[in-house]
Amino acid sequence: MAAKLLLIEDDALLASTLTETLTVDDQRVDTIGDGGVALARLSLDHDYDLILLDLNLPTRSGLEVLAALRSQDRQTPVLILTARAAIEDRVRGLDLGADDYLAKPFALDELEARVRALLRRRQSGESGPLTVGALRFDRQRQHFTLDGVVLSLPPREYRLLAYLIRFAGEPVDKARLLEDAFAGESVGDNAIEVYVHRLRRRLADTDVGLRTVRGIGYLLEAQ
């Protein structure tokens, strides 16, 4: 069955371009340019497979739309699209339960790849809590458990692990981690290696592995 997408974007030209790009193989794309209108639509239509959400919207912001969606316990995957560079906006979006983040301007092929990845996870039943072995990430409560015990993490380790678990089984490169997980913070390669080392220690003696993929980045996987 073809996927049904909702694009919430107030830039008419960009919305037209993205709609044309994503309308493939009978994939349907509905477009709304206002946050308040989007909330009204989502209150009536629960059948979307993926929502592409800009943050800077008229009437109601993208963050308000996302918060309302998650408060209804709706697990529809959300891909944030925004030109906002402020760290707090990116972090807030992920903390509210967004599944991925893509900063404008972006390449259309990267957008398509991320849409495909999110739809695959949706179709395989992974739209609820994310699990890798004994590690579980509850996106509604925004916490991890390991073997059923809450895993308390410092903010940067939390952001790193929250991002990696969204792409479990896929290698994630360092540049992408710096851009998306840490949202432009002053975090260098050496710092990431420190956080990875600390997470490995926390995951030691479990069935969850965090390994380095030479020349690419890091891979979170069940062992």
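## Basis of the model

Helices (H or I, at least four residues) and strands (E, at least two) are DSSP runs, numbered from the N terminus. The model is predicted: local features need pLDDT of at least 70, side-chain atom pairs count only at pLDDT 80 or more, and totals for chains, interfaces and linings use all residues. Residues are numbered from 1 along each chain as its sequence is written, and side-chain values use heavy atoms, with hydrogens and water left out.

## Overall fold

The protein contains 8 helices and 12 strands. Its radius of gyration is 17 Å, which agrees with the value near 17 Å that a compact globule of 223 residues would have; the radius is taken over C-alpha atoms, and the globule rule is 2.2 Å times the number of residues to the power 0.38. Along the principal axes, the C-alpha atoms fill a box of roughly 50 × 35 × 30 Å.

Of the contacts (heavy atoms within 4.5 Å) between residues at least 6 apart in sequence, 58% join residues at least 24 apart.

## Burial and surface

Of the 223 residues, 52% are buried. Buried means under 20% relative accessible area, exposed over 50%, and partly exposed in between (1.4 Å probe, protein chains only).

The protein exposes about 10,400 Å², of which carbon and sulfur atoms supply 48%. Accessible areas come from the Shrake-Rupley method with a 1.4 Å probe, and for residues only the protein chains shown count as cover.

## Helix α6

Helix α6 covers residues 155–166. Its 12 residues should span 16 Å at 1.5 Å a residue, and the end C-alpha atoms are 17 Å apart, which agrees; the expected span is 1.5 Å times one less than the number of residues.

Because 9 of its 12 residues are buried, α6 is largely enclosed by the rest of the structure. The buried residues include E157, Y158 and R166, along with L160, L161, A162, Y163, L164 and I165.

## Backbone features in loops

The peptide bond from K104 to P105 is cis, with omega near -5 degrees. P105 sits in the loop between β5 (100–103) and α5 (108–123).

Two residues other than glycine have positive phi: T59, near 75 degrees, and D147, about 55 degrees. T59 belongs to the loop between β3 (50–54) and α3 (62–71) and counts as exposed at 62% relative accessibility. D147 is in the loop between β8 (143–146) and β9 (149–151), and is exposed with a relative accessible area of 56%.
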